[in-house]
Amino acid sequence: MGDYIDKVLNTVREKNFDEPEFLQAVDEVLTTIRPAVESHPEYKKLAILERITEPERIITFRVTWVDDSGKVQVNRGFRVQFNGLIGPYKGGLRFDKSVNQSIMKFLGFEQIFKNALTGLPIGGAKGGSDFDPKGKSDMEIMRFCQSFMTELQRHIGPDVDVPAGDIGVGAREIGYLYGQYRRIRDRYDGGVITGKGIEYGGSLARTEATGYGLIYFMREMLKVNGNQTFEGKTVTISGSGNVAIYACEKAQMLGAKVVAMSDSNGCIYDKNGIDLMCIKQIKEVKRGRIKDYLNTYPDAEYIEKDSEDSPIWNIKTDIALPCATQNEVTLNSARKLVENGVIAIGEGANMPCVKEATEYFLEKGVLVAPAKAANAGGVATSAIEMSQNSMRYYLSFEHVDRMLDAIMVNIFKSTKDACDSYGLGTNYVAGSNIAAFTKLAKAMSAQGIM
Ligand code: NDP
């Protein structure tokens, strides 16, 4: 059966040789689900692995818009509808200059596993554009979003495919995207996109959900490993966007001391503990740089990023939460974190650790909360937003937060159960992949060859 996995991996490598991020994501899943595949010989006959690694559909399109100086700009748009087995395609939109088909496919592939873990009926997708929102005016962002949605609207719908935010797509962009969808379709289809403003069908606690969910998952992981808690622990968090900010908020609520955060230019270190209100003001209101923190706290330190190893991982910490982007924790950074005594890693971002870094952490006995499981709170709460839209009803913040907490407890439980069933110890990376894969393989087997 090992042959089967190796054969599929080779074929995937041959077919997608120019897509490194996608290959990395597939490699991680296929090499960790081996025990589950070996105990089900029928999967080979049904070509489950060949099918699960091939997206159902990839849509690429031109996005043309006019900038403030009157110049015509052209970007490339994507939507990868990876797998609709267990519900409407669901996954965020990323606007970032690095976006390409490989990144879209890696994120779409990860999303099918993540969404399966939530226990909710949602399939996996991802989309976005190589549009760079940095430095653009509000009106430029609006014109871009309107042009992007003019094409995307043909391919989505509340029971078809439901996008949401991701890097570079927050509340402002979701508003413009939804507005254009509504203008073209001329009907109320609130559940067509999630992360909406509360005034027009958004869910309370959606903004907080990914970060809070990450901390809920880690709380469970720390509890079963020596009855540990966040109380009094030092935490460093990369990024200062949606996931990072609300991971910081919940970690602080549970008694942790967050001493560092970052953006793509560098990181700040505040030995007295980060003032999150100040970060929110800089990032959510002024859309400024993390360095601006020093304007309020001149005694804090700013360290510029000058190599592929982010300086934030050189800071001594008990818990590290990579919440910025893929492959931001290199093997060098992993070594530094371990040398400084880190006990747990919580992946808020998607695939933030290179493969060698994850392997190194596991080898050294560092607990790793894997992205597909640990950051699934965002999409789970998006599914709760869809339910509220269908019910034409709003749930309270406390209600949604309790549901999110229960979902994260459950995701940790199914991850741990898979580890226990297959004798994987605390390798939660393998455990979460197996838990998700088992569910998807069952659904694929049930629905016939397609
Ligand atoms: P945001 O755009 O809100 O924030 C992203 C943050 O990461 C910013 O601080 C940004 O800094 C930083 N960043 C981006 N690219 C790089 C880079 N190449 N190197 C260093 N820092 C970088 O995005 P989100 O918080 O929404 O997303 C962060 C991660 O979490 C992504 O991997 C995303 O896929 C994942 N995720 C998000 C979910 C959500 O609900 N939003 C759900 C599940 C996963 P700068 O401003 O300088 O670019």
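This is a predicted model: local features need pLDDT of at least 70, side-chain atom pairs count only at pLDDT 80 or more; totals for chains, interfaces and linings use all residues.
Trainee: What makes strand S3 and strand S4 a pair?

Mentor: Strand S3 (residues 89-95) and strand S4 (residues 124-129) are joined over 3 bridges, and the rule asks for at least two, so the two strands qualify as paired. Their sense is parallel, and Leu93 stands opposite Gly127 in S4.

Trainee: In which order do the strands of the open sheet lie?

Mentor: The sheet has 5 strands, ordered S1-S2-S4-S3-S5, and its pairing is mixed.

Trainee: Why are S1 and S5 called edge strands?

Mentor: Strand S1 (57-66) and strand S5 (161-164) each pair on one side only, and it is in this sense that they are the edge strands. From one strand to the next, the twist averages 20°.

Trainee: Why is H10 called roughly antiparallel to H11?

Mentor: Helix H10 (residues 242-253) and helix H11 (residues 276-285) pack at an angle of about 165°, and their axes are 11 Å apart. Angles over 145 degrees count as roughly antiparallel, and therefore H10 is described as roughly antiparallel to H11. The crossing in which H10 passes H11 is left-handed.

Trainee: Which residues make the contact between H10 and H11?

Mentor: H10 contributes Ile245, Cys248, Glu249 and Gln252, while H11 contributes Leu276, Ile279, Lys280 and Lys283.

Trainee: How do the residues of that contact divide into nonpolar, polar and charged?

Mentor: There are 4 nonpolar, 1 polar and 3 charged residues in the contact of H10 with H11. Ile, Leu and Cys count as nonpolar, which places Ile245, Cys248, Leu276 and Ile279 in that class; Glu and Lys count as charged, which accounts for Glu249, Lys280 and Lys283, and Gln252 is then the polar residue.

Trainee: How is the chain divided into domains?

Mentor: Domain 1 covers 2-189 and domain 2 covers 207-374, and the centres of the two domains, taken over C-alpha atoms, are 25 Å apart.

Trainee: How do you know that domain 1 and domain 2 are in contact?

Mentor: Residues are in contact when their C-beta atoms, placed from the backbone, lie within 7 Å, and by that cut-off 12 residues of domain 1 are in contact with 8 residues of domain 2. On the domain 1 side, helix H2 (20-32) and helix H6 (101-117) are the elements that give two or more residues, with H6 supplying the largest share, 6 residues. The residues of this side of domain 1 divide into 6 nonpolar, 2 polar and 4 charged.

Terms used
Residues are numbered from 1 along each chain as its sequence is written. Axes are lines fitted to C-alpha atoms, for helices over the stretch in contact, and angles run from 0 to 180 degrees between N-to-C directions. Helices (H or I, at least four residues) and strands (E, at least two) are DSSP runs, numbered from the N terminus. Angles under 35 degrees count as roughly parallel, over 145 as roughly antiparallel, 65 to 115 as roughly perpendicular and the rest as oblique. A crossing is left-handed if the near helix is turned anticlockwise from the far one by less than a right angle, and right-handed if clockwise. Two residues are in contact if their C-beta atoms, placed from the backbone, lie within 7 Å. Domain bounds come from an automatic or database domain assignment.
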